Amino acid sequence: MENWDETRIKMGKNAARHSEDYGKQWVKEDPEQEGIYWPTEEMKKKAHINNPEIYNEARENPHKFWAEQAKKEYSWFEEWDETFEWEPPFFNWFLGSKTNLAYNCLDRHLEDKRNKAAIIWEPEPLEEEKRILTYQELYNMTNKFANALKDLGIEENEPVTFWMPMVPETAVAALACQRIGAWHSIVFTAFSPNAVKQRMEDAGSKTLITIDGFYRRGKVIELKSQIGEVLDEVDAENCIVVNRANTEPPMKEGRDVYFDEVVEEADNYCKPVEKEAEDTGFLLYTSGTTGKPKGIKHSCGAYGAQAAITMKWIFDLHENDVFFTSADIGWITGHSYALYGPLSLGATEIWYEGSPDYPDPDRLWKIIEENGVTQFYTAPTAIRALRQKGDEWVEKHDLGSLRLLGSVGEPIDHDTWMWFFEKVGGGRCPIVDTYWQTETGGILLTSLPGIGPFVPGVAGPAMPGIGYDILDATGEPVEPGESGEIVIKGPNFGPGMLRGVYKNPDRYENTYFSEYGDETYFSGDGGVKREMEIGGQQLLEITGRIDDVLEVAGHRLGSAEIEDAVDRIDEIVEAAVVGEPHEVKGEVPAVFAILQDGVEPSEELEKQIVKVVREEVGPVATPHVAYFVSDLPKTESGKIIRRFLKGLVRNTELGDMTTASNPECLVEIAEKTEYDG
Ligand code: PRX
């Protein structure tokens with residue numbers, strides 16, 4: 001097997017050379033403005049959308065725009081009577097329509113694409129063969145698994161929790177849920193069993209779909225063997241286990257069953273249930289400023305339509321394309337653009353199981369080369385990490401098949417953008433810097449490939465049909481060059497926007513619709529308006545979260561969850577967590593902890609902090625540094641002012657200190673963080 005790797009590279013080389021698009025120049029620099037790129041004539045000719053007039057048209061009647069696109073790109077068993085209904089802050093789309101998301105991803109493609117690859121799965125171990133699932137195969141498996149779910153007693157509108165990595169069975173199971181109208185709630189594998197428990201309890205979920213183990217950096221990460229206790233604690237009725245790594249985890253009779261076995265016994269065809277566009281499609285838990293993660297509730301049909309439309313417009317998918325995102329299914333990007341978006345368009349997409357740098361830092365470039373990937377969508381963290389490994393890793397590969405690059409999850413700095421553009425895209429491909437959130441379901445801000453412009457550090461205008469703005473503290477739109485808070489102005493929400501926080505309408509209102517009133521969605525992000533416009537839409541730069549949410553390696557985490565975990569340590573009286581800048585990960589959690597009287601700071605305590613956070617929240621939230629301090633800055637009413645702590649770790653100005661009741665504590669903290677701002 002030693003030469004297998006080499007053989008694969010050889011076989012893969014030249015994969016895309018016979019395509020007429022191979023190595024083409026898709027962008028050119030503006031002759032008058034350095035650092036601004038526009039699509040070439042070739043790109044405009046190729047792109048589905050190439051006329052900036054579309055922005056004006058959509059702005060005139062955004063609801064009509066979405067309705068027309070939803071009819072074009074999505075299939076409905078019955079069309080709607082009413083496009084939009086609004087009772088601020090609640091709204092509904094496509095009322096009275098009937099559809100099914102799995103039908104849109106599978107059944108409707110069988111006629112002309114049954115033998116097309118739907119998912120090309122790249123397992124992490126190189127010696128393992130990749131698996132290619134055609135639309136027919138994915139359809140067959142989904143139907144069978146949908147019946148298996150029914151056989152186990154899972155019903156329509158029942159939440160089903162997943163703790164699953166990037167393996168084809170995850171896609172099958174998610175589509176099977178859609179087929180029978182059950183709601184998946186997928187938990188990222190680098191969250192802990194405790195995080196799975198929290199989410200199962202909140203959703204009232206009695207079924208877990210998980211895996212014995214999967215490969216990450218050459219090791220088997222076992223999931224099922226870690227989760228037994230949680231299943232007992234939540235009184236789970238079913239646990240369906242995919243056997244991937246033959247680890248033979250403990251299985252409880254009558255509750256735990258193997259995926260393959262239940263599929264084997266199930267009937268072949270399951271009729272997709274007819275859902276209303278507004279019926280719930282899935283829950284996805286995400287972190288906010290305070291409290292526990294909240295269950296963001298997405299619709300099935302309205303969400304699905306927006307996923308399909310944005311996929312087509314923003315990634316400019318064509319029949320023979322191969323789309324690859326390194327995003328994990330545990331996050332919204334994995335839902336919208338690794339699953340529902342590409343499949344609803346009948347595209348071929350790559351799913352990769354493992355780590356981007358395993359066995360070598362050219363793993364992703366190898367996948368792109370071997371599969372002739374045309375669009376590659378990733379996060380700045382991954383680009384920074386791979387860039388650090390040296391240019392030789394990317395230069396080794398022929399990436400001439402690429403036509404478009406995408407970035408998501410955190411602001412992309414200028415140097416990272418340029419490296420991605422030049423080294424990965426060969427200076428030929430546009431970069432769409434897509435800004436959006438779990439809550440928005442689909443991309444909000446981005447340039448479109450056939451229209452442009454592509455500017456390092458600037459996300460772009462809004463997607464046509466989205467009403468956005470940047471407001472100052474008084475609620476007035478800011479002038480170009482000024483910063484403020486990014487909002488979506490009702491009633492011009494996309495169909496894919498959240499439909500609530502599960503079981504908690506108050507939290508929905510308070511989190512998103514209290515800052516600027518119940519007609520304006522508050523994103524929690526800061527941005528700057530640029531002078532430049534396209535189609536009458538201003539370009540926006542995203543500056544990042546202005547609340548207490550952390551973006552660690554593009555993963556969204558709440559300070560409160562990490563603080564709650566640290567507070568469990570007896571020797572710690574109180575803790576505060578903020579994001580400290582990090583070269584590769586963008587930011588990492590920094591813990592400030594007040595110790596009990598008489599307890600001395602120690603390495604042991606630092607280790608305990610790391611351990612408790614990994615156990616309670618998960619490895620994804622591992623703190624990077626702990627500062628032991630005697631006091632934390634607080635308001636008169638005793639609320640911790642994290643803004644000061646952020647300033648101290650970021651070496652930025654602290655601003656008005658009169659809000660603190662105990663500003664003197666900042667002197668000690670500044671010393672510890674080596675503040676020189
Ligand atoms: O802060 C913004 C950042 O990611 C947050 C949303 O995180 P999540 O719900 O996990 O969804 C991530 C993938 C859509 C946003 O509030 N963010 C996302 N995309 C960008 C971004 N920040 C800057 N530029 C982006 N392109």
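This report covers aromatic rings, charges over rings and the ligand shell.

The model is predicted: local features need pLDDT of at least 70, side-chain atom pairs count only at pLDDT 80 or more, and totals for chains, interfaces and linings use all residues. Residues are numbered from 1 along each chain as its sequence is written, and side-chain values use heavy atoms, with hydrogens and water left out.

**Aromatic pairs**

The structure holds 41 aromatic pairs. Rings of Phe, Tyr and Trp (its six-membered ring) pair if their centres lie within 6.5 Å; planes under 30 degrees apart count as stacked, over 60 as edge-to-face and the rest as tilted. Take phenylalanine 84 and phenylalanine 91. Their ring centres are 6.1 Å apart and their planes lie at 20°, so this pair is stacked. Phenylalanine 84 has 13% relative accessibility, so it counts as buried. Phenylalanine 91 is buried too, at 3% relative accessible area. Buried means under 20% relative accessible area, exposed over 50%, and partly exposed in between (1.4 Å probe, protein chains only).

Tyrosine 303 and tyrosine 340 pair edge-to-face, 6.1 Å centre to centre with 90° between the planes. Tyrosine 303 sits in helix α11 (residues 301-315) and tyrosine 340 in helix α12 (residues 332-344), so the pair ties together parts 37 residues apart in sequence. Both tyrosine 303 and tyrosine 340 are buried. Helices (H or I, at least four residues) and strands (E, at least two) are DSSP runs, numbered from the N terminus.

**Charges over rings**

The charged end of arginine 199 sits over the ring of phenylalanine 191, 4.7 Å from its centre. Arginine 403 has its charged end over the ring of tryptophan 26, 5.9 Å from the centre. The test is that NZ of Lys or CZ of Arg is within 6 Å of the ring centre and within 35 degrees of the ring normal.

**The ligand**

Around the ligand are 17 residues (a heavy atom within 4 Å). The closest are Thr434, Thr438, Asp525, Arg545 and Arg556. The shell has six nonpolar, five polar and six charged residues. The table lists side-chain polar contacts, which are pairs of N or O atoms within 3.5 Å.

| Residue | Ligand atom | Distance |
|---|---|---|
| Aspartate 433 | nitrogen | 2.8 Å |
| Threonine 438 | oxygen | 2.5 Å |
| Glutamate 551 | oxygen | 2.9 Å |

On its own the ligand has 540 Å² of accessible area, and the protein covers 98% of that. Areas come from the Shrake-Rupley method with a 1.4 Å probe. Elements giving two or more residues to the shell are α12, β20 (431-434) and β24 (537-545).

Notes: A polar contact is a pair of N or O atoms within 3.5 Å; within protein, one must be able to donate a hydrogen and the other to accept it, and residues adjacent in sequence count only if both atoms are side-chain atoms. Ala, Val, Leu, Ile, Met, Phe, Trp, Tyr, Cys and Pro count as nonpolar, Asp, Glu, Lys and Arg as charged, and the others, Gly among them, as polar.
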